[in-house]
Amino acid sequence: MPDRYHIKTVATPGRFYRVGKFGEVDWREDCSRCFDCVKLKCCFDVYKHETEHNRDPRTATQPLYECKACMSCVQGCTKGLLTLSVNPEYLDMGDEYWKPDVLFTTWNQADTGKIPVSGAGYRGPFHGFGFDSIWTDMSEIVRPTRDGIHGREYISTSVDVGPKPMRLQFTPDGALVESSLKVLELPVPIVLDVPAWAVRGAELAEARARAAQELGTIAAAYVEDAAKLPAELLASVAPVVGCADVSKPGKQAEGALKAAKLVELLDGTDDEVAKAVEALAALNPQAIPAVRLTLVPGVYGRIVELAKRGVKVFHLCADPHGCEVLKGGAQGRHIKDAIRETHGKLVEAGIRDEVTLIVSGGIALAEHMAKAIICGADAVGADTALLVALGCRVCAGAHALSVHGGAKDGAAPCPDCPADGVLAKATEDLQYAAQRMVNLMGAWHSQLIEVLGAMGIREVRRLRGEMGRAIFMEDIEKDAFGDLEQVPEEVNA
Amino acid sequence: MANANVLEGTPHEAGRSSWPQEKVERKVAPAPDRYRNAIGKYKIYRSAACNSCGRCVQVCKYGVHKKPKGYALTLRPEDHLCVGPACSEQGEMCVAACPQKALKIRLNPNADAMGDPRWTSDLIISNWYQAETGHTPPDYLQYRHGESGGGFDKIRFKFEVPGTGYTPPEPVPTEAIDTGLDLNRSGDGRPQVHIDIPLYGGGMSFGSVSIYTILAKARSAAAWNTFSCTGEGGYPDRLMPYDDHMITQVATGLFGVREDTIKRVRIVEFKYAQGAKPGLGGHLLGDKNTPEVARMRGAVPGNALFSPFPFHSVYSVEDHKKHLDWIKEVNPDCLVSVKVSTPTDVDMVAVGSYYAGAHIIHLDGSYGGTGAAPDIAKKNIAMPIEYGIPKVHKFLVAEGIRDKVTLIASGGIRTAYDAMKAIALGADGVVIGTAELVAVGCVRCACCESGRGCPRGIASTDTELAELMTLDWATQRLVNLQNAWHEQMLDILSRLGMKSVRELCGRSDLLCYLGTPGQTKTL
């Protein structure tokens, strides 16, 4: 058995201002200074830490961030003076997809690299948009060899990116035609993708590349950013490049293309793509050409078309909410539906096993990765989540999530945004930024193994398209509740 | 142990414990919040303009405002008793009556910080109301369902919804209604086990919760002639006076399972999986593995304890039968329950368990659970219980074996209405866990696992924190909660014109769904 793949996580506290969920909003007059709340009631020592913070505001601890809302101080106060509430600033973070709880758990995972654990059952809505209407399967007693992350069995999370010929090719004298075997094995089914909206500076690209090198995977970077990276990182970078630029790249960009194992071409006409693939083969015969496509309805047509012309790797980019991009920028279906359809069409076309699909946009949590793979992706791209790991709050400020970026006119820059203010500092220390990305991916990797373990699946390759091992809300609700009499909702409003 | 209540010389019936059993009285008594400041739905603010005239004390019918005789000033309002604006419909309200206009009533911000869509603050506060008083909560609290937007929260009994065209039958007097359940339906000659209410307490191990929590659960089970479960952590000796109301759990780690703990109970439960973390093993963090816990489990103190998943001795339904036969051989008088989670093939699992000889099939849905679990598992792995019950019930009916096996549902049964909806969907009875913990003071802050454990002293073996509550108080809270639920069950059955809860099983025609099931949500 090969060595187990292991992600080395190192506790790396965030250096950004943290928005806590709970806080004392009301501390009424008449405090008797009994100090019960401070010394007796709070078993988390939050008040003590708050004092430390007040003495030295540079301490990493943010008092509000630590309160767990156990109500011990509120209920134990001698005079009943304390009131706790949910921090409105917390509720204001993010948007309807990148919810405050998503940002919060991502920060925690980037801090520690550990799986988030909590008690007292599930707390959220029954089901929701997109991935929140899928449950993954588990198996009770059959299928041996499952021990999850604590066990003896090795669960592989490796995926193959590249053209996968259905049979080996040999020359007449019996030698293997090696060009048919350009497959890149990623030990985790995640590519560290470029942010979905414009973020200035090549530093982020370098942090991603360092993280990708540590993880053994690939970081996508625009070729102009890739060109600025140190040579030792280039093997972990997939340059994103326009078709025309491949044939005549600048000197530095040429270096990036020559060192790359995977090159993502921006889609063009059939001719342009064919020429770019040819030029790339001349420049770097080992590089696998991929085409980066915007996820639009009917994208499978383009995939089938390009596959015929020899491109076998596709990176499908949904919008930051994981939706198809419609004409005029409107949101289409969620990737869970779009990928299922694409996967099915490629199966019908008889080419599913030959091509690789990488899906990005809207992959916010570890479960999204597992569910996107169940829906038919080979691997996913983490983009916005990596910014969140550095403190991004996915605000509707300067980099509003209009589809595929572009700053909203006149909006104030977010003070904690990696692109502008304070968080630019995070990227000054690239090791810090890279380690937080590694931590997040480490936590996602462990969670993927939990899901695979529960399903009794020993490698993530076999998870791809396993829709029979998932429970889709639309189907199960009809089975379970289809025979109940339906009444309009407003009746009971 | 308080021996006054021990029934001396109880004749030893088949299956019953030979250890003297303590009788716990089924009596409702007030059990107020154990903290100084109870949390209610509303909060009253009294400004400095108050001149302590005492007018509010006169008009308040709920005892919120107090000014004891001889006091110059009115006391701090007991705002958890306040019923809010609804008060003004029944007469004069303090806010309006106050000559100084010194009073304000607002929704309590504390309540805001407590709830979530599944367990709204109304559900938590109404659970506390029931645990305190032993009776059905008033209508200003939404005590029947949560706001999660699916499952039980979208399902109603038709009598709750106006305009369904449902004609209510002649109500049955509550005295004539039986909420009891016989758990052995197999006809295999093993002793019958009867419970007086169609619910019992879920498994929580010693180690995951404090000894007082375990004992209180066992005592209230004894009071209501039902059961509580050991969970996977051994059988503390202090539970022996309640042997007849305990279920010994045999889980994948086999922690603390011994021949005598299997022999002394009337039901033995195999835990294949649990709803809190379907497909994953149990995990007791090292901090909670105190010397006492370790002794019980036969483990080394301070070490994190992992239960494997699944049973490494069971990889087929034949192995499963061998497992059940083993328990049946060790204790020839016990019933065997099989606790499984809810995978896509849960219906097949249930049938397999029946043919392997299980008396009880216990489905644990994915949204429930009390203990610490990875967030990814709580939300995403396996289906919620609302889907699992009809799936299994319909399949067992089609196989012609539904009346040979008892189907118990758990995992997100928060209220008496949830329990009755689960039964109408096809279960025979339910198991509750979180509802019991809330009754003894849980606020669902979800910190069961961190450091010293639960800050409320419920799920903690920390000696200081565990002393935050007394056994008598906790027992009374649980006895009260069961009584309040029992009241509501009687009320529901009465409105449905049923004399027994057994008539309700599978009557999904009495339910309706708000909106259309299976509708995709948009952003």
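1. Domain bounds, as used in this note, come from an automatic or database domain assignment. On that basis chain B is divided into domain 1 (42-112) and domain 2 (174-513), and their centres, taken over C-alpha atoms, lie 43 Å apart. Chain A is likewise divided into domain 1 (7-92) and domain 2 (148-475).

2. The model is predicted: local features need pLDDT of at least 70 and side-chain atom pairs count only at pLDDT 80 or more, while totals for chains, interfaces and linings use all residues. Residues are numbered from 1 along each chain as its sequence is written, chains are lettered from A in the order in which they are written, and side-chain values use heavy atoms, with hydrogens and water left out.

3. Within chain A, 13 residues of domain 1 are in contact (heavy atoms within 4.5 Å) with 18 residues of domain 2. The two domains of chain A bury about 1,200 Å² between them, 56% of it on carbon and sulfur atoms; buried area is the accessible area (1.4 Å probe) that two parts lose on being put together, summed over both.

4. One salt bridge is counted between domain 1 and domain 2 of chain A, the term denoting a side-chain nitrogen of Lys or Arg within 4 Å of a carboxyl oxygen of Asp or Glu. A:R393 forms a salt bridge with A:E89, with the closest N and O atoms 3.8 Å apart.

5. Between the chains, the contact takes 85 residues from chain A and 100 residues from chain B. The buried area is about 8,100 Å², of which carbon and sulfur atoms give 58%. On the chain A side, A:Q75, A:Y122 and A:F126 lose the most area to chain B, together 11% of what that side buries.

6. Six salt bridges are counted between chain A and chain B. B:K154 forms a salt bridge with A:E489, where the closest N and O atoms are 2.7 Å apart.

7. Strands (E, at least two residues) are DSSP runs numbered from the N terminus, and two of them pair if DSSP finds at least two bridges between them. Strand 3 (residues 117-118) of chain A and strand 14 (residues 373-374) of chain B pair in the antiparallel sense over two bridges. Here A:S118 stands opposite B:A373.

8. Chain B also holds an open sheet of eight strands, in the order 6-16-15-13-12-9-8-7 with parallel pairing. Its edge strands are strand 6 (199-201) and strand 7 (228-229), each pairing on one side only. Strand 13 (residues 360-364) and strand 15 (residues 406-410) of chain B pair over five bridges, and B:I408 is the bridge partner of B:H362.

Methods: Helix = DSSP H or I, 4+ residues; strand = E, 2+ residues; numbered from the N terminus.
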